[in-house]
Amino acid sequence: PKAATVRSMRGEEDALTLAERLAPRVRAGELQAASPDLAFAPLRRDIAVPPNAPRYGGQWFFDTIRMEQARSREDGDPSVTIAVVDNGCDLSQPDLAPQFLPGYDALDDDEDPSFLPGSEGNEHGTACAGLAAAATDNGIDVAGTCPECALRCVRLLGAPGTLIPISTDVRAFEFLRRQEDGAVVSNSWGVEAGAPAPLARVREIESRVADGRGGR
């Protein structure tokens, strides 16, 4: 089969509409595919590989997922926001502070998603944020997966053993739903095995999946 470039004969019909009109023929097997001839502006990414983060040597997992090859092609964009829903973040951490956008504490229902001092495991949210989008090649601490991306921290969890109301989960995802810039929501938490998922939580998460990024 040969690829062919076609142009609509229907006046002002654009390429996307033409591709939609040809979709039934694709489904019928008459065509293999029909897509608009989109144009993109190529960008050259030039991040140092490996980066000069002093603790980068301990991030062995990046080698496992071939992150250096990925970074040579793309290191993110500030318009892409990663939301980390966890037990709070160290908002003053120098490798993360430049990346943070305003966040939310769903547990206390306020605008300060800082971690809980003195609590066991309170570094977890900060570590997750660092893995996602720590500033990279700045000579500080670690390297992030998407160093040019922005971060939002949402505190959902309390100290170990804290009971979290369903309404807290709902508030967390309601906050994220109101943010139009969230491309990724990171959730490194769960509930006891066998616990049924409350409908209110399910609806909020499904809404975020379906409606986030303008429905994309």
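This is a predicted model: local features need pLDDT of at least 70, side-chain atom pairs count only at pLDDT 80 or more; totals for chains, interfaces and linings use all residues.
1. Four strands make up an open sheet, and their order across it is S2-S3-S1-S4, with parallel pairing. Strands S2 (100-105) and S4 (182-187) stand at the edges; each has a single partner strand, so one side of each is left without a neighbour in the sheet. From one strand to the next, the twist averages 20°.

2. The pairing of S1 with S3. Strand S1 (residues 81-86) and strand S3 (residues 150-155) run parallel and are joined by 6 bridges. Within this pairing, Val-84 stands opposite Cys-153 in S3, and Asp-86 stands opposite Arg-155 in S3.

3. The pairing of S1 with S4. These two strands also pair in the parallel sense, here over 5 bridges. Thr-81 has Gly-182 as its bridge partner in S4.

4. The burial of S1. Strand S1 is mostly covered, with 6 of its 6 residues buried. Thr-81, Ala-83 and Val-85 point one way from the strand, whereas Ile-82, Val-84 and Asp-86 point the other way, and all are buried. The reader may note that Asp-86 is among these buried residues.

5. Thr-81 in detail. This residue is found in strand S1. Is Thr-81 buried or exposed? Its relative accessibility is 2%, and because buried means under 20%, Thr-81 counts as buried. Leaving aside residues up to four places away in sequence, Thr-81 touches Leu-101, Ala-150, Leu-151, Arg-152, Asp-181, Gly-182, Ala-183 and Val-184.

6. Gly-214 lies in helix H6 (residues 199-215). With a relative accessible area of 74%, Gly-214 is exposed, whereas Thr-81 is buried. Gly-214 and Asp-181 are 33 residues apart in sequence, and their C-alpha atoms are 9.3 Å apart in space. Asp-181 is also one of the residues that Thr-81 touches.

7. The second largest pocket. Its volume is about 350 Å³. Which residues lie nearest the centre of the second largest pocket? They are Leu-157, Gly-158, Ala-159, Thr-162 and Ile-164, out of a lining of 20 residues.

Notes. Residues are numbered from 1 along each chain as its sequence is written. Side-chain values use heavy atoms; hydrogens and water are left out. On a 1 Å grid over the protein atoms alone, a cavity is a set of points where a 1.4 Å probe fits but cannot get out, and a pocket is an open set with protein on both sides within 12 Å along at least five of seven lines; lining residues have an atom within 4 Å of a point. Grid points are joined across faces, edges and corners, and a volume is the space filled by probe spheres set on the points. Two strands pair if DSSP finds at least two bridges between them. Axes are lines fitted to C-alpha atoms, for helices over the stretch in contact, and angles run from 0 to 180 degrees between N-to-C directions. Buried means under 20% relative accessible area, exposed over 50%, partly exposed in between (1.4 Å probe, protein chains only). Contact means heavy atoms within 4.5 Å.
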